Amino acid sequence: MAALIILRLLIGVAEAGVYPIATKALYGWIAPSERASALGLLNAGSRLGAALGLAIASSIILWLGWRACFLLLGAGALAWALGWYIWYRDEPREKRGISSEELEYIHCSKASEPALERTGDSWLAIVLSTSGGLLLFQYFVNNFSLFVVYSWMLPYLQQRFRIPQSSAGIYAGMPIYFGVIATFAGGLTVDSLFRLGCGTWSRAIPAIAGFALASFGQIIGCFATSAGSFVFWFGVVVFGLDFTVSSSWAVCSDLGREHTGVVSGAMNMMGALGSFACSLAFPFAIQSTGRVTAFFSLAAALNLVAMF
């Protein structure tokens, strides 16, 4: 068991760099007017993978055992890593087969980067700037609310609504599908507003709308009297939170530029801290009061603050 726990922790360490690396890759290859859509597609894929992975992994374990599940998933990951290593290049100019017109388009698009406050050229100065601090705070808030669906949703549904485990598993996964739609829709919205000339507001407007929707869903969800209504309103919460995600990752590129990887890593770290805080706060609220009202009230208030 100790070896399994250690290996699981090492997987977490390895996975921590995925989003910062992907964001840095998209910064180098994708124009600012298209970047949020690409980031939305990336995040939609991760949400869809989480939703489908629960069912697929469970089926493999039932049919072949947990060791076979680990082997199959590991083999698939190695195959993907090898293909990516062969195909991808950090710099577009190093990629064989790319046209001179596309290289010129990528290069010229950098001139249209949104103008955000930067108090220095180092990554630390960027992270400690006002814009950097607000970016870290809003992502902490996002994950503080969102992590419920990946951790405590299943046992809470079973405990509060007395539904069987098979049904609870289906209900618990439903809000994730709201997130699949929201992440990509958020990216399209950000890019559409940017092409309309909204500049930095193209990032701010979807974030404000998403946090407002999440706060509304949390307040209404406190009064849900059935598993179906609770899951629906928490789906609204997830939709709102994930609608903000493309804005957040786009700002990492806007603000960080050549330091995009480090800035997005710092934001991702704050998101992980928000998830950790959620993992402690949600069960504490349930044990203390027997209801989710205290937790959701706090989360809704934080979402309202994150809007500004």
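Asp-254 counts as buried, with a relative accessibility of 1%, where buried means under 20% relative accessible area, exposed over 50%, and partly exposed in between, judged with a 1.4 Å probe and protein chains only. The side chain of Asp-254 meets that of Arg-203 in a salt bridge, 2.6 Å from N to O, a term that requires a side-chain nitrogen of Lys or Arg within 4 Å of a carboxyl oxygen of Asp or Glu. Because Asp-254 lies in helix 12 and Arg-203 in helix 10 (residues 201–221), the pair ties together parts that are 51 residues apart in sequence. Helices here are DSSP runs of H or I with at least four residues, and strands are runs of E with at least two, numbered from the N terminus. Arg-203 is buried as well, at 4% relative accessibility, and a network of salt bridges links Arg-35, Arg-203 and Asp-254.

The model is a predicted one, in which local features need pLDDT of at least 70 and side-chain atom pairs count only at pLDDT 80 or more, while totals for chains, interfaces and linings use all residues. Residues are numbered from 1 along each chain as its sequence is written, and side-chain values use heavy atoms, with hydrogens and water left out.

Side chains of opposite charge can pair when their charged atoms come close. The structure holds four salt bridges, and the table sets out three of them.

| Salt bridge | Closest N and O atoms | Relative accessibility |
| Asp-242 and Arg-47 | 2.7 Å | Asp-242 0%; Arg-47 8% |
| Glu-91 and Arg-93 | 3.5 Å | Glu-91 33%; Arg-93 63% |

Tyr-156 and Phe-230 form a tilted pair, with 5.3 Å from centre to centre and 50° between the planes. Tyr-156 belongs to helix 8 (residues 153–161) and Phe-230 to helix 11 (residues 227–243), so this pair ties together parts that are 74 residues apart in sequence. Tyr-156 is buried at 6%, and Phe-230 is buried at 1%. Ring pairs join both of them into a cluster whose members include Phe-140, Phe-161 and Phe-296.

Helix 13 (residues 260–289) has 30 residues, which at 1.5 Å a residue should span 44 Å, and its end C-alpha atoms are 42 Å apart, which agrees; the expected span is 1.5 Å times one less than the number of residues. Just after helix 13, Gly-290 takes a positive phi of about 80°. Arg-257, in the loop between helix 12 (245–256) and helix 13, has a positive phi near 50° although this residue is not glycine, and Arg-257 is partly exposed at 26%. Arg-162 has a positive phi of about 55° and is likewise not a glycine; Arg-162 lies in the loop between helix 8 and helix 9 (165–195) and is exposed at 69%.

Notes
Rings of Phe, Tyr and Trp (its six-membered ring) pair if their centres lie within 6.5 Å; planes under 30 degrees apart count as stacked, over 60 as edge-to-face and the rest as tilted.
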